[in-house]
Amino acid sequence: MTPNVRDRADRPSRAAPCPGGAIPEISWDRALRLIGGTEEVALACHVTPDGDALGSMLAVGFVLRSMGKRVVASFGDRNFAVPRLLRFLPGQDMLVPPEDFPAAPELVITFDASMSERLGLLRDNAARAREVIVVDHHPSNRGFGTLSLVDSTVAATAMLAEQLVYRLGGRLDRDIATCLYAGLVTDTGSFRYPSTTPAVHQMAARLVATGLRTEEIARELWDRSPFGYLKVLASALERVRLEDGLVWTHVTRVDRAAQGLPYAELEGIIDIVRRTDEAEVAVVLKEDDHGDWQVSTRSKGAVDVGAVCSALGGGGHHDAAGYTSHVSEAETMTRFRRELAKARRRSSRAV
């Protein structure tokens, strides 16, 4: 379904209800001028994309394409593949592998990437671009690019993507809404996280009003997995440890290889581990295909895991964050415990 988009880049008469005021109008206006002044727009989201990254990017891609722009979209993974859980998203014909992404684009728009390193193989492409618009909601965003559309007060990058859709003159249809809804529900934990504000529910209402089958989206995101996932999950839970308010486990390449399970299928393990009543902080170490540990962390509120992960080279939010570790499992946890202890001391002083 094609949205009704005016073929112009000045401010439209109608915009989505504003979720926050952290982005000045002058920045939105400049973004619209940059987009209006180029024929091809290159879109990029962070590596191993989640629903918020890929959904936000594709939603904006739909509107740009309807404006007559050439749109190319990608993410910089060495093994380029859309995660199985997100293959239901419409608009994937816009996607190209990193090697087919423009080498020196005139305009790049990034989505849900808190730092240029999160663009993976596309980092150099973005560095050579004339202009880079950064659309993101992570508090740890370092301000890369030439124009920042960053608001850490909103629950998901999808909320900023919706703003951009409306400001470009677009209107929600089922395809755009599906992409944005995937971003909204994944980053709010299906409306369970503290980031779920009235503005989140108001946006969800706008999206659902397009005729979304929300039960089908929920089934794709949370209620499907290959049988091998259960075997890998069993291994992870068998070795889980609880120590002084911290619950953690790890998943190796060997675990996955034995079941033929891709790395992307491990995303949901942290949400099971974090349920532990006795733990304030949960950690899952996931060994990727290159031997590095991808560290996912969650907090129940008392500890800022975003600060912990930022100190270790990553970032994220107060209650959900992550980073990449290039050392052994044992050393990874030693360094994590050290930074966690610092975060706990800061938290206790703030009380």
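Two strands count as paired if DSSP finds at least two bridges between them. Helices (H or I, at least four residues) and strands (E, at least two) are DSSP runs, numbered from the N terminus. In β9, Trp293 is the bridge partner of Glu287. The model is predicted: local features need pLDDT of at least 70, side-chain atom pairs count only at pLDDT 80 or more, and totals for chains, interfaces and linings use all residues. Residues are numbered from 1 along each chain as its sequence is written, and side-chain values use heavy atoms, with hydrogens and water left out.

Confidence comes before geometry. pLDDT is the predictor's confidence in each residue, from 0 to 100. The chain has a mean pLDDT of 92, and 94% of its residues reach 70 or more. Over residues 1–14 pLDDT stays under 50; for this stretch the model has 42 contacts (heavy atoms within 4.5 Å) beyond four places in sequence. Where pLDDT is low, the predicted coordinates should not be read in detail.

The chain as a whole contains 12 helices and 11 strands. Its radius of gyration, taken over C-alpha atoms, is 20 Å, which agrees with the value near 20 Å for a compact globule of 351 residues. The globule rule behind that value is 2.2 Å times the number of residues to the power 0.38. Along its principal axes the C-alpha trace spans about 60 × 45 × 40 Å. Of the 351 residues, 53% are buried, where buried means under 20% relative accessible area, exposed over 50%, and partly exposed in between (1.4 Å probe, protein chains only). Of the contacts between residues at least 6 apart in sequence, 67% join residues at least 24 apart.

Ile109 stands opposite Ile133 in β4.

The buried residues of α4 include Glu162, Gln163 and Arg167, along with Leu160, Leu164 and Val165. After α4 comes Gly169, whose phi is positive, near 95°.

What does β9 pair with? Strand β8 (residues 281–287) is joined to β9 by 7 bridges and runs antiparallel to it. These two strands form a hairpin with 5 residues between them, and Gly291 in the turn has a positive phi of about 90°. Strand β11 (residues 320–325) also pairs with β9 in the antiparallel sense, over 6 bridges. Here Ala320 in β11 is the bridge partner of Arg298.

A few single residues remain. Val208 is in helix α6 (residues 198–208) and counts as partly exposed, because its relative accessibility is 34%. Leaving out residues up to four places away in sequence, Val208 touches Tyr181 and Thr214. The C-alpha atoms of Val208 and Gly61, 147 residues apart along the chain, are separated by 20 Å.

The structure holds 0 disulfides, a disulfide being a pair of cysteine sulfur atoms within 2.5 Å. Cys45 is in no disulfide, and the nearest cysteine sulfur, that of Cys179, is 11 Å away. Cys45 counts as buried because its relative accessibility is 0%. Cys309 is also at 0% relative accessibility and therefore counts as buried.
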